[in-house]
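These are my notebook entries from a first reading of the structure shown below.

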Amino acid sequence: MNILLPVSRGASFEDAVRLAIDTAKAHAGRVRVLSVVDAAEIRRIEVGARPGAIHLARHAADEVRKRMTAEGTAAVAGTVRRCEAAGVPAHGEVLEGELERELVAAAGANDLLVSATASHFAPDIEDDSGQLVLTVMREGGIPVLFSGAPYRPMRTIVAGCGGGPRSERAVGAMARLSLWKEAPRGILLAVDDTPKGGEERLAAPRRILADAGYPAWEERVLPGHRAATVLTFCESVDADVVILGGWGEHRWDDLLGLSVTGRLLEDGRRHLFLYM
């Protein structure tokens, strides 16, 4: 398994590093640590100069480029050392370019992207909702494992079964990577007001897990409002990670609003495995 770990600013990156190392160790994986020097930020400095001050603006931009490159290099080197000290093969690189474009390009060569939900990927910009990483997931075609909470062992896994292709893709992506195959407790959860409707939602994920050689997971069908019911259930079983495929939403902009995914991101008490 090849894991992409983008360097971000802020304390939340520490949680992502621990999660990436733990996941790589459990699945004989490798970690690629990537820091992107944001070319857009450098250009903003250059074009913001007053008339007659172009030389000063270019000098300021060069200084920012050097600082960002040095910070990125140090962060990459330190993270690679931590991976190797934990027995995880790792390599790192620092690139300059458009942040989103570089992350999407890098995603295509990896199996899983690990990131914290609240990440600083650009100066003075806090990506609280994980919007940038979610965009990379959509454009780069890669599953994302969000470190949505301080590090915790993966003991209880809950897969949200919405009954549509997104849920099937998310569970299928997990199965392809053999993630949490040995977890002590796995639960397939469907929210539906009728047993028949719940059974229909559970059928495809159950088959995917069986075909991939997973042991039988517990199954729950609960009535009620989806987002509230999922949050309450995950709290009741102390879920460590929740698997979702953008369940219940048809517009991307709604994902971080009242959707199950958005509510869990805001809740910030468990990890999320997402695949669109």
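Which residues of helix H9 (residues 260-267) are buried? I looked them up and found Val260, Thr261, Gly262, Leu264 and Leu265, where buried means under 20% relative accessible area, exposed means over 50% and partly exposed lies in between (1.4 Å probe, protein chains only). Helices (H or I, at least four residues) and strands (E, at least two) are DSSP runs, numbered from the N terminus. Glycine 268 follows H9 and has a positive phi, near 65 degrees.

Residues are numbered from 1 along each chain as its sequence is written, and side-chain values use heavy atoms, with hydrogens and water left out. The mean pLDDT (the predictor's confidence in each residue, from 0 to 100) is 84, and 83% of the residues reach 70 or more. Over residues 247-253 pLDDT stays under 50, although the model has 24 contacts there beyond four places in sequence; contact means heavy atoms within 4.5 Å. Where pLDDT is low, the predicted coordinates should not be read in detail.

**The whole protein.** I counted nine helices and twelve strands, and of the 276 residues 52% are buried. Among contacts with a separation of 6 or more, 78% are between residues 24 or more positions apart.

**Strand E11.** I next followed strand E11 (residues 241-244), where Val241 and Ile243 point one way, Val242 and Leu244 point the other way, and all are buried. In a regular strand the side chains alternate between the two faces of the sheet. Strand E8 (residues 156-160) pairs with E11 in the parallel sense over three bridges, pairing being called if DSSP finds at least two bridges between two strands. Isoleucine 157 has valine 241 in E11 as its bridge partner. E11 also runs parallel to strand E12 (residues 271-274), to which four bridges join it, and valine 242 has leucine 272 in E12 as its bridge partner.

**Aromatic pairs.** How many aromatic pairs does a search of the whole structure find? It finds two, with rings of Phe, Tyr and Trp (its six-membered ring) counted as paired if their centres lie within 6.5 Å, and with planes under 30 degrees apart called stacked, over 60 edge-to-face and the rest tilted. Tryptophan 180 and phenylalanine 273 are edge-to-face, 5.8 Å centre to centre and with 90 degrees between the planes. Tryptophan 180 is in the loop between helix H6 (165-176) and strand E9 (185-191) and phenylalanine 273 is in strand E12, so this pair ties together parts that are 93 residues apart in sequence. Tryptophan 180 is buried at a relative accessible area of 9%, and phenylalanine 273 is buried at 0%. The pair of tyrosine 214 and tryptophan 217 is edge-to-face because the planes stand at 70 degrees, with ring centres 6.2 Å apart, and both residues are buried.

**Nonpolar cores.** A nonpolar core is a set of buried Ala, Val, Leu, Ile, Met, Phe, Trp, Tyr and Cys residues joined through side-chain atoms within 4.5 Å. The largest has 46 residues, of which Val31, Met174, Trp180, Trp217, Ile243 and Phe273 touch the most other members. Helix H1 (residues 12-26) gives the most to this core, with seven residues. Apart from this core I found another, of 30 residues, among them Leu113, Phe233, Cys234 and Leu244. Returning to methionine 174, I saw that, neighbours within four places in sequence aside, its contacts include Trp180, Tyr214, Trp217, Ile243 and Phe273.

**Strand E2.** Serine 35 is in strand E2 (residues 30-38) and is buried at 7% relative accessibility. Beyond four places in sequence, the contacts of serine 35 include Val7, Gly72 and Val94.

**Positive phi.** Which residues other than glycine did I note with positive phi? Serine 178 has a phi near 55 degrees and is in the loop between H6 and E9, where it is partly exposed at 30%. Aspartate 238 has a phi of about 55 degrees, is found in the loop between helix H8 (226-236) and E11, and is partly exposed at 42%.

Definitions and conventions: This is a predicted model: local features need pLDDT of at least 70, side-chain atom pairs count only at pLDDT 80 or more; totals for chains, interfaces and linings use all residues.
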